[in-house]
Amino acid sequence: MVLSDIDIASSVEMKPIVDVAKSLGIDENDITLYGKYKAKVNAHQLQALKDKKDGKLILVTAISPTPAGEGKTTTSVGLVDALSQIGKKAVIALREPSLGPVFGIKGGAAGGGHAQVVPMEDINLHFTGDFHAIGAANNLLAALIDNHIHHGNSLEIDSRRITWKRVVDMNDRQLRHIVDCLQGRVNGVPREDGYDITVASEIMAILCLSESISDLKARLEKIIIGITIRENRLQQGI
């Protein structure tokens, strides 16, 4: 009988993430736990390593997986397993799956067969909650823009040229191009609008590129959210 990816993932005995961290030289005090098998490495750990010699980086890239699901992630996991098997200290850096592709034809992004990372279900479904936080932050800004226009629009935002879209962590083609704020004045100014997938949010890119909390705040303040009636670009920080 051929085992499915979920069958294989469910059959293995996972190591506590604290033990995994220790095997990489990371102390328990330098991680933030999300249960027994998931954790984040604290940012100050990067500063502790800045004077150490850089390791070797292998970039795995491709266009699309094979029909059997062998793609970048599966190849990367297999490569790290092989390096570990010959005594090398190897770590894999993978992107977090988006729910849209997970439930689409592409499927999950935790690898496949015996070359996958676990807990596979948690990784594919919400993981540590970062996507939700990014989506909430993105949509909060969108709500603030509409609320500002509704209450007088002192910044003179041109409601026809708002460039900041809401996001949802799902592939939903019905939401790509919509008309919103219908059924009366109390619901805002009607306009053409649309949703992006959460990973396409500028906040996602900023979070990935920021080197500190202060850098994160500085980048967020420079976000362009639309055009004013007087043809000026409007930044979120104004």
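How many helices and strands does the protein chain have? The protein chain has 9 helices and 11 strands, where helices (H or I, at least four residues) and strands (E, at least two) are DSSP runs numbered from the N terminus. The model is predicted, so that local features need pLDDT of at least 70 and side-chain atom pairs count only at pLDDT 80 or more, while totals for chains, interfaces and linings use all residues. Residues are numbered from 1 along each chain as its sequence is written, and side-chain values use heavy atoms, with hydrogens and water left out.

Along its principal axes, the C-alpha trace of the protein chain spans about 65 × 50 × 30 Å. Of its 238 residues, 31% count as buried; buried means under 20% relative accessible area, exposed over 50%, and partly exposed in between (1.4 Å probe, protein chains only). The protein chain exposes about 16400 Å², of which carbon and sulfur atoms supply 55%. These accessible areas come from the Shrake-Rupley method with a 1.4 Å probe, and for residues only the protein chains shown count as cover. Among the contacts (heavy atoms within 4.5 Å) with a separation of 6 or more, 51% are accounted for by residues 24 or more positions apart. The chain carries 27 positive and 29 negative charges, whose mean positions are 4 Å apart. In this count Lys and Arg are positive and Asp and Glu negative, with His and the chain ends not counted; the place of a charge is taken as NZ of Lys, CZ of Arg, CG of Asp or CD of Glu.

The structure holds 10 salt bridges, a salt bridge being a side-chain nitrogen of Lys or Arg within 4 Å of a carboxyl oxygen of Asp or Glu. One of them joins the side chains of aspartate 130 and lysine 40, with an N to O distance of 2.7 Å. Aspartate 130 lies in helix 7 and lysine 40 in strand 2 (residues 39-41), so this pair ties together parts that are 90 residues apart in sequence. Aspartate 130 is partly exposed, with a relative accessible area of 25%, and lysine 40 is also partly exposed, at 29%.

Another salt bridge links glutamate 156 to arginine 230, the closest N and O atoms being 2.9 Å apart. Because glutamate 156 lies in the loop between helix 7 and strand 5 (157-162) and arginine 230 in the loop between strand 10 (224-228) and strand 11 (233-235), the pair ties together parts that are 74 residues apart in sequence. Glutamate 156 counts as partly exposed at 28% relative accessibility, whereas arginine 230 counts as exposed at 61%.

A further salt bridge is formed by the side chains of arginine 191 and aspartate 193 (3.1 Å, N to O). Arginine 191 counts as buried at 9% relative accessibility, and aspartate 193 counts as buried at 12%. Salt bridges that share partners join Asp146, Arg166, Arg191 and Asp193 into one network.

Backbone geometry was examined next. Most residues other than glycine have a negative phi, and most peptide bonds are trans. Glutamate 156, however, has a positive phi of about 55 degrees although it is not a glycine. Asparagine 153 likewise has a positive phi of about 55 degrees; this residue lies in the loop between helix 7 and strand 5 and is buried, with a relative accessible area of 15%. A cis peptide bond, with omega about 0 degrees, joins valine 118 and proline 119. Proline 119 is placed in the loop between strand 4 (115-116) and helix 6.

Phe103, Leu125 and Met170 make a nonpolar surface patch of about 290 Å². Patches are made of residues with over 30% relative accessible area and no salt bridge, like charges being joined within 9 Å and nonpolar side chains (Val, Leu, Ile, Met, Phe, Trp, Tyr) within 5 Å. Leucine 125 is found in the loop between helix 6 (120-124) and helix 7 (130-150) and counts as partly exposed at 39% relative accessibility. By contrast, glutamine 45, in helix 3 (residues 44-49), counts as buried at 9% relative accessibility. Not counting residues up to four places away in sequence, glutamine 45 touches Gly25, Ile26 and Asp30.
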